Amino acid sequence: MATKTDGSHPPWPPLPSRPVRADLVAPATQIVRDREAYLGQGQHDIGRRIADDQVELFVNGEPALALQQQFDRLAPEFVALHDVGTSATLRLLGALAGAAGARVQRLSIRRQGLGVALAVLQFVEIPLASGENLRVYSTDVNADTQSRHQIAMVLLGRSKLGVLMVGELPPHALTAALQPLRDALMRGSWPNRDMLLLPLGSATTLAAQVAHLSGSSGVAIRVTPQAARPNDAWSFISGTWNRLHGVDQTGAALNTELNRAVPRPPVPRPEAPTQHMELTPEPPYPAAQAPTNARWADYAQRCAALKGVSACCIFDFVSQRALAHVGTKVT
């Protein structure tokens, strides 16, 4: 979709690169403390962090079901971005992370005991004033076709806010693209209560889709004006999130400016230059005390008794003081 821009805001950025197969097949070997650390259990976030931009989750069964169980157990609040006739969700994540000089993070779901990833999800993590972290996931998942569809429905269904980023589609194609989501809503076990339809092109056909999509599910679906740039899209998403949360009381407010949405990491202070230190000379050895022990005199006497010895002197090497003397005194 081509859009015009006045230059004050950049257009939609290029699609970020997907994880290469080498990252999926050969993860870095790590030593973990125990089974809890290995499986990532007992944590408040989904998965176990293994790097600044990588999280992994080990599962026994299907990745979508395992992810759903994690969401049900930990109940995290997050935003899910879903593409409908476009590929803008990963671009928005890239714009969010890039504005803060960060990287889009990855959640790798792996079979326990095997290294190959079953699915790789991408997300951006936003620290909130409340001390919590809000994750913004894309449903554009690197997995097989069935797992990709199932994980997308899990992300949309368990999210606090589900966002459908809709491209320029004719009415019949849009209806077909939204049909799987409508079927999921009609099954009656859809926990998400708030969804946002965000058109990247014309929004004239979306209004008619809302009633058809929500039906009797009770899900509140809103349609935004056209989002020609990533900054527009984030403004609509963050504004909707803030209205849903009553941010003045919860401390869960999102910055509506894309360039400030993700705080920049603190710049480490430069280390102080090495200071020159004067070397302190070693203190002198203490002076030897006057011979008070008769053993030195006895030892000198026995040395002087040896054949050929006319005199014997025992002295301290450091202080050069005599400790015992027998025989002719030499001056």
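Buried means under 20% relative accessible area, exposed means over 50%, and partly exposed lies in between (1.4 Å probe, protein chains only). These legends describe a predicted model, in which local features need pLDDT of at least 70, side-chain atom pairs count only at pLDDT 80 or more, and totals for chains, interfaces and linings use all residues. Residues are numbered from 1 along each chain as its sequence is written, and side-chain values use heavy atoms, with hydrogens and water left out.

**View A. Stacked rings of F71 and F78.** The structure contains 4 aromatic pairs (rings of Phe, Tyr and Trp, the last by its six-membered ring, with centres within 6.5 Å; planes under 30 degrees apart are stacked, over 60 edge-to-face, the rest tilted). In the pair of F71 and F78 the ring centres are 4.7 Å apart and the planes meet at 25 degrees, so the pair is stacked. F71 is buried, at 4% relative accessibility. F78 is likewise buried, at 1% relative accessibility.

**View B. Edge-to-face rings of F78 and Y137.** F78 also pairs with Y137 in an edge-to-face arrangement, with 5.3 Å from centre to centre and 85 degrees between the planes. This pair links distant parts of the chain, as F78 is in strand β3 (residues 78-84) and Y137 in strand β6 (residues 133-142), 59 residues apart (strands are DSSP runs of E with at least two residues, helices are runs of H or I with at least four, and both are numbered from the N terminus). Both F78 and Y137 are buried. F71, F78, F123 and Y137 make up one aromatic cluster.

**View C. Salt bridge between R103 and D53.** The structure has 10 salt bridges (a side-chain nitrogen of Lys or Arg within 4 Å of a carboxyl oxygen of Asp or Glu). R103 and D53 form one of these, with 3.2 Å between the closest N and O atoms. R103 belongs to the loop between α4 (89-99) and β4 (105-111), and D53 to the loop between β1 (48-51) and β2 (54-59), so the pair ties together parts that are 50 residues apart in sequence. R103 is exposed, with a relative accessible area of 61%. D53, in contrast, is buried, at 13% relative accessibility.

**View D. Salt bridge between E56 and R110.** The closest N and O atoms of E56 and R110 are 3.3 Å apart, and the two residues form a salt bridge. E56 is in strand β2 and R110 in strand β4, so the pair ties together parts that are 54 residues apart in sequence. Both E56 and R110 are buried.

View E. E257 and R260 form a salt bridge whose closest N and O atoms are 3.9 Å apart. E257 is partly exposed, with a relative accessible area of 40%. R260 is exposed, at 57% relative accessibility. Elsewhere, salt bridges with shared partners join R48, E56 and R110 into one network.

View F. Of the 7 residues in β4, 6 are buried. β2 and β4 pair in the parallel sense over 6 bridges (strands pair if DSSP finds at least two bridges between them). V55 has L107 of β4 as its bridge partner. β4 and strand β5 (residues 117-127) run antiparallel and are joined by 6 bridges. In β5, A117 stands opposite R110.

**View G. Nonpolar cores and the surroundings of L121.** The largest nonpolar core has 39 residues (buried Ala, Val, Leu, Ile, Met, Phe, Trp, Tyr and Cys joined through side-chain atoms within 4.5 Å). Residues with the most contacts inside this core include L67, L107, L121, L155 and W190. Leaving out residues up to four places away in sequence, L121 touches L67, Q105, R106, L107, I109, Y137, V141, I151 and L155 (contact means heavy atoms within 4.5 Å). A second, separate core has 34 residues, among them L134, V136, A233 and I237.

View H. The whole structure has 0 disulfides (a pair of cysteine sulfur atoms within 2.5 Å). For C312 the closest cysteine sulfur is that of C303, at 4.4 Å, too far for a bond. C312 is buried, with a relative accessible area of 13%. For C313 the closest cysteine sulfur is that of C312, at 7.2 Å, also too far for a bond. C313 is partly exposed, at 40% relative accessibility.
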